[in-house]
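Okay, thanks for making time, everyone.

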Amino acid sequence: MKQEFIITAYSENHIGLLNRITIIFTRRKVNIESLTGSESALKGISKITIVVNEEKEKVENIVKQIEKQVEILKAFYYTNDEMIYQEIALYKVPTGALMESDQIEKMVRSHNARILEITPEYTVIEKTGHKHETQDLFNGLNQFGVLQFIRSGRIAITRSPIERLSEFLKERDTLLAKPKQKQKVKTV
């Protein structure tokens with residue numbers, strides 16, 4: 001059964017890596033719903049966040065394929081319940097519509113959005129939230145004629161207090177630090 005998954009991949013920042021990762025999805029005919037990339041909390045490590053709506057087994061295989069990329073340190077997949085996530089949306093509406101009625105102002109307040117800029121021609125509004133929340137505000141504002149609309153990809157962090165990548169790196173470092181045990185050789 002298909003469900004929404006959030007895939008996170010940690011990597012060094014190399015040219016062409018994102019292209020190779022998206023090819024993994026293309027080959028498996030899996031649509032990427034959202035994709036973002038940024039620095040992580042660890043210096044020199046980037047985090048790529050990908051949202052897909054797919055079956056668990058297919059997601060597990062995709063994560064394994066992502067990890068085969070040389071620059072990838074580790075990749076994980078999560079359900080929405082295991083993550084805290086948000087998106088940001090910007091809306092440009094005609095300033096005239098804002099001045100003619102208080103409906104846009106009421107909508108902005110009720111959706112916990114904020115006004116970023118007002119010019120004589122347009123007003124830019126910002127909303128942070130889940131996709132359905134930013135879409136709801138778009139639907140409301142669109143009755144006044146949204147001039148432009150953009151929504152970011154999802155950003156997400158785990159609900160767990162410990163980052164799984166940090167655990168993975170500690171385990172790896174522990175294994176690498178252990179001196180190789182001398183093997184006993186049988187003498188005849």
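Let me start with a question: which side chain meets Glu67 in a salt bridge? That's Lys74, and the N to O distance is 3.1 Å. By salt bridge I mean a side-chain nitrogen of Lys or Arg within 4 Å of a carboxyl oxygen of Asp or Glu. Glu67 is partly exposed at 27% relative accessibility, and Lys74 is partly exposed too, at 22%. For those labels, buried is under 20% relative accessible area, exposed is over 50%, and partly exposed is in between, with a 1.4 Å probe and protein chains only.

Before I go on, the ground rules. This is a predicted model, so local features need pLDDT of at least 70, side-chain atom pairs count only at pLDDT 80 or more, and totals for chains, interfaces and linings use all residues. Residues are numbered from 1 along each chain as its sequence is written, and side-chain values use heavy atoms, with hydrogens and water left out.

Now the overall picture. The chain has six helices and nine strands; these are DSSP runs numbered from the N terminus, H or I with at least four residues for helices and E with at least two for strands. The radius of gyration is 23 Å, whereas a compact globule of 188 residues would come out near 16 Å. That radius is taken over C-alpha atoms, and the globule rule is 2.2 Å times the number of residues to the power 0.38. The C-alpha trace spans about 100 × 35 × 30 Å along its principal axes. As for burial, 36% of the 188 residues count as buried.

Contacts next, meaning heavy atoms within 4.5 Å. If you take those between residues at least 6 apart in sequence, 74% join residues at least 24 apart.

Back to salt bridges: the count comes to seven. As a reminder, side chains of opposite charge can pair when their charged atoms come close. Glu4 is in strand β1, while Arg154 is in the loop between β8 and β9, so we're looking at partners 150 residues apart. Glu4 is partly exposed at 28% relative accessibility, but Arg154 is buried at 6%.

Arg154 turns up again, by the way. Its charged end sits over the ring of Tyr85, 4.0 Å from the ring centre. The rule there is NZ of Lys or CZ of Arg within 6 Å of the ring centre and within 35 degrees of the ring normal. Lys92 does this as well, with its charged end over the ring of Tyr122 at 4.3 Å from the centre.

Another salt bridge pairs Arg151 with Glu87, where the closest N and O atoms are 3.7 Å apart. Arg151 lies in strand β8 and Glu87 in strand β5, so this pair ties together parts that are 64 residues apart in sequence. Here Arg151 is partly exposed at 21%, and Glu87 is buried at 6%.

On to the aromatics. Rings of Phe, Tyr and Trp (its six-membered ring) pair if their centres lie within 6.5 Å; planes under 30 degrees apart are stacked, over 60 edge-to-face, and the rest tilted. That gives five aromatic pairs. Why is Tyr10 with Phe76 edge-to-face? Because the planes sit at 75 degrees, with the ring centres 6.3 Å apart. Tyr10 is in strand β1 and Phe76 in strand β4, 66 residues apart, and both are buried. Ring pairs also bring in Tyr78, giving a cluster of Tyr10, Phe76 and Tyr78.

Then there's Tyr91 and Phe149, a tilted pair at 5.2 Å centre to centre and 35 degrees between the planes. Tyr91 is in strand β5 and Phe149 in strand β8, 58 residues apart. Tyr91 is buried at 1%, whereas Phe149 is partly exposed at 29%.

Last bit, backbone. Most residues other than glycine have a negative phi. Lys29 has a positive one, near 55 degrees, and Asn112 is also positive at about 55 degrees. Lys29 lies in the loop between α1 and β2, and Asn112 in the loop between α4 and β6. Lys29 is exposed at 75%, and so is Asn112 at 66%.
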